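User: I'd like to learn how to read helix packing, sheets and a chain contact in a model like this one. Could you walk me through it?
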Amino acid sequence: MKLGLVIDLDTCVGCQACAVACKQWNTSGTTGALPDYDPYGAEPSGLWFNRVRHYEVGDFPANRTVNFPMSCMHCEDAACVDVCPTGASYKRAEDGIVLIDQDKCMGCNYCSWACPYGARELDRHSGTMKKCTLCVDRIYDTALPEAERQPACVLTCPTHARHFGDFDDPQSAVSQLVAQRRGEGLMEDLGYAPVNRYLPPRKSAQVASAARSEGGSLLDRLKGWMGRQNRSATSPSASQTASQPASESGETEA
Amino acid sequence: MAETRPTDLPQFENHAAQRQAETTCYMCACRCGIRVTLEDDGEGEKIRFIQGNPDHPVNRGVLCAKGNAGIMKQMSPAKLQQPLRRKPGSERGAGEFEPISWDEALDELTARLKHIRQTDPNQLAFFTGRDQMQALTGFWASQFGTLNWAAHGGFCSVNMAAAGLYTTGQSFWEFGDPDWDNAKYFMMWGVAEDHASNPIKIGLDKFKRNGGKFVAVNPVRTGYQAIADEWLPIRPGTDGLLAMSMIHVLLANDRFDWDFLVRYSNATQLVVQTPGEAGDGLLLRGEDDAPLVWSLREEGFAPWYDVDCQPALFGEYTAPDGRPLKTVMTLLAERYLADEYSPAVAAKECGIDAETIERLALEMAHVAFEEEIVIDTPWVDWAGREHDNFIGRPVAMHAMRGVSAHSNGFQACRAIHFLQMLLGAIDCPGSHLAKPPFPRHLPPPIKPANSAAPDTPLSGPPLGFPTAPEDLAINADGSPKRIDKAYSWEAPLANHGLMHMTIRNAVAGDPYSIDTLILFMANMAWNSTMNTAETRDMLRAKNEDGSYKLPFLVVADAFHSEMVSFADLVLPDTTYLERHDTISILDRPISEPHAVCDSIRQPVIEPDRDVRPWQEVLIELGARLGFPALVDGSGQPKFDGYCDFITRWEKAPGIGFLAGWRGEEGESSIVGAPNPNQWERYKENGCFFEYSLPPQQRYYRFANRDYLEFSKRAGFNAHSGPIVMELYSETLQKFRLAGQGLYDGPMPTREEDKQRLTTYFDPLPFHYMPLSDQRMAEQGIDREQYPFHAVNQRPMFMYHSWDSQNAWLRQINAQNYLYMNRQRGREMGLKDLSWVWVESHNGRIRVQLKLMEGCNPDTVWTWNAIGKQAGAWGLSKDAPEAKRGFLMNHLIPELLPPDAGQAEITNSDPITGQAAWYDLRVRIYAADDAPGEAAQSSAPEFAELPPLPGASPSPDALGYKTHDAVNLERPIADVLGKGATGEKK
């Protein structure tokens, strides 16, 4: 299996739901806690596995706004694993998830320098590196309903812009999406081999315009309408005597 | 995911120590269903995970950033701990308190309120913020007998609600939804993200996957605008003009839904044309008082309900008594075909070019009329006509505060509804669909109470829908009866009240002084007011004898807000996870377009401090005060607390707060006897109730016989007659006649009122310059002296927040900037991240600037309510929210720019009293050019609030978890196979 995420940039509105859901699940997860430093002070910061960035592309008024969630790409050939001096960083053979064995990590930060995606962060409290686990503690948990055996970020996404699955299976939803929407990996041109895929924004929908009317002046237009019959044939009539429908006034609510 | 575990994984979660409970989120107007997993680590339960309830009709399992941050809301160090009294001798606003017991607090409050109720109930004003229990608080105020109650709608988006309810019988807000499954064209107007956040996100995804075109009209390209197919960077305050110009295009090209207008609106009704005479502009009526139309079949007059008479849509006629008449549609065409609404003219003001205006109108016409959809479900209309199918015009719209919060907002909102009506795109497949109890008759038949008497409940709710000057809450001399001047000549259709005027009016004694103000969840000393700095001074203002001008201030809230520091008495509320609650059809229900829904909250964790749910406090106070609905003949409480009240109280026979599982055995839906086990049934069902409408009742409900009969049985509508949409508003015309001195009933005497009624109560929407711009122009202040529009919005992770102390969310943003178009900034020589002064005629603030592309060049904007007072919300004195964040509110006066000789008039929409806080205009200049001034912080600055008694200091660090992490070890075989470092393939 080659597990990873597909993120749809066409519908990502940058709402941060995925980032906070990730934080919430993982702070009690397999590499928790995810600490917060100075949480009520001058420089609030903390450990996040998933951060949403916002970019503007193009100049006004032809500008676009792109929201870009970034987390570990679970690279096929992970640079962070290569540089790990203790063997804490590894890529699971079974499913391709890149993880950090917290008992072997010494927090040297080499991996965060090697990772081009900024996906690895140092936990200043534990002194270890931490990162996205693809919610390995959710996806195989048979105590959860099957539909919920997904990463927390995927489960919560209000625009359903995040998808999780097996890229080794050409029939999987993620493989199909990538094929249909020409999903791309980030920085592949620089020699990295990310598993996660981004779906580019769709082409803007095009709609035809109703034909412009060949009419005279607006005054003529109004005159033409005056006293005209209803545009369509009279609707099948109910053969009933006209009577005023239930009272329009007089009744008030208690 | 995987059927089998690929390897032996450790047991990460101790499910035996966990349980799940459903309840309802309470951080914005969505009210999503949530499932809370709790875990007992041996030291009591903690929240493991809050997720969207997959079965819930509102959010179908998804959850936003705020909902996901509920743990940190629950963990907040700013939670109030116990009732507090302002320390004797300390100054109001200094934030010095002493703890008192609940008994003491309620005894003191009861004594004070009892005296008020026995003498002059209007001496109590009770205003609430973004609460979701207005049916309960309104009931309470009504039982108390004070007219002075409202929620924050007057500050938020009443223009949108009122325009809808006086025009189509439904509205945007969360009172309806685009038909996301069938729509092909979606136009979103203005800042609209927060009503309703998750449903719109779910819908946009569906809509885009179906290939629809999404057009966003908004001066700023953030949020949903990011994924729009086309973005129109409109000049703020001109949305109505844009809509009217599109109406011009539809008319000029003969592209409007003739049949829809004839059948479902008052377009064919006849308007008397006798300018300057009594009766001008009213509808011609027959003997039974029903409006008349001109029958082309009979060549004579016929009542509007004679559906076979072939009414003329256009035409000029003469009444039997000789008065000239025109059909409504004729007046409409004359208005909008005029050159002032042509795209070429509108383009200059809106900042959208004429070709684009014309193209978009014709695109909508194309989709509505050339791409109509048909749903093959037979239905019967109110007149008994049988239809084989539902015809859909798949153009949907949504609009909210961006259009609403202007002083021309009511007419602008009405114009958007006109566009929908001309396209025949209301409550039909693919268009905007009402959610039950909407649609309702125009307007809903509830009149605002307008008299108060000692020890007597009001005759009805304090808020309602006037239809004529007789319905105003004014004294014989025309002066307002309400402290906020709602339903006075200054704001006749103030359906949500004018919370934003309450403090100013009470302190100025205009129209009178009051004794006690109760605020619930309303941060009126900070972001929920206009003119914040001066409002704080007003709260501290004293009479010559040293007493406060606003004698007694009670604040009920769950957190240490800026408002708390001004309280004389603080009543601490629970968090949303610690309470019972109802999200009721009597209030702002959570219905879906095709289902009647409501829901509850249940406590999922026990409070760990001396706090009480506000609704419990209200029920107890009401019983102590002897409210007739809450005590029996001997004065004893009728109900054993809030839950019992909800179970047994009936608004009308069979109708209560909760619609589900009524009847003694829970056998009835919507109407039925009280069910003693109703709360339990909700809890068993995930805390919500959903009643699906049968297919033949799902569209055209304004005219759908089966639905209308159902809506009457359900108590949504008073009768089952058709809901006739009003292009022409006779209600507005009656007020205009009063302004002109031509009305047979109450009329204003003040010149300003006469002029405002005559000008703005136009029965057809028109565009006008915002009132503050007009006032400044009268004073010789050119618009170019304040060249920028200044508006604000909430970031998605703080939508509708009444707090931003959340330890996780503030890591995403703890400082707001002033955003400006990059090219415009360059032209002004302003650099990114520099400090600037922003100045309005009301004052100036110093803020930090950011330049961006996605912004109308004449507009600056910021994220609202991120700026905070140091010490409030558990924040340290050097928190960025306090040091560098800011509120735009200081720049926005609650009164129009004063001028000698002019009356003091609210800075609000002249029709509804909606706070016009998006009308703000400013000038901007560098703040670092003054010698010696090294700006590093925002101005004005406010002193740090002291901690409250019993509050623990905010922690320096957090490492929240419910259990120790179970590490997933790297298998030894993997290490041996690849070595310590991963070996390249």
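Analyst: Let's start with handedness: a crossing is left-handed if the near helix is turned anticlockwise from the far one by less than a right angle, and right-handed if clockwise. Keep in mind that this is a predicted model, where local features need pLDDT of at least 70, side-chain atom pairs count only at pLDDT 80 or more, and totals for chains, interfaces and linings use all residues. Residues are numbered from 1 along each chain as its sequence is written, while chains are lettered from A and ligands numbered from 1 in the order in which they are written.

User: Which hand does the crossing of α8(B) and α14(B) have?

Analyst: The crossing of α8(B) and α14(B) is left-handed. Helices (H or I, at least four residues) and strands (E, at least two) are DSSP runs, numbered from the N terminus.

User: And at what angle do α8(B) and α14(B) pack?

Analyst: Axes are lines fitted to C-alpha atoms, for helices over the stretch in contact, and angles run from 0 to 180 degrees between N-to-C directions. Here α8 (residues 239-252) and α14 (residues 409-422) of chain B pack at about 25°, their axes 8 Å apart. That makes α8(B) roughly parallel to α14(B) (under 35 degrees; over 145 is roughly antiparallel, 65 to 115 roughly perpendicular, the rest oblique).

User: Which residues of α8(B) and α14(B) meet?

Analyst: Contact is when C-beta atoms, placed from the backbone, lie within 7 Å. Among the residues that meet are Ala243(B) and Leu250(B) in α8(B), and Ala415(B) and Leu419(B) in α14(B).

User: How do I read a sheet?

Analyst: Strands of a sheet pair through backbone hydrogen bonds, either parallel or antiparallel. Two strands pair if DSSP finds at least two bridges between them. One open sheet in chain B has three strands in the order β26-β27-β28, paired antiparallel. β26 (581-583) and β28 (688-692) of chain B stand at the edges with a single partner strand each, so one side of each has no neighbour in the sheet. Within the pairing of β26(B) and β27(B), which runs over three bridges, Thr582(B) stands opposite Ile600(B).

User: In what order do the six barrel strands of chain B close?

Analyst: The order is β29-β33-β30-β32-β31-β34 (chain B), with mixed pairing. β29(B) and β33(B) pair in the parallel sense over five bridges, and Asn792(B) has Thr862(B) as its bridge partner.

User: How many residues does each chain bring to the contact?

Analyst: Chain A brings 111 residues and chain B 130. Helix α1 (residues 17-27) of chain A gives the most to chain A's side, with eight residues.

Methods. Contact = placed C-beta atoms within 7 Å.
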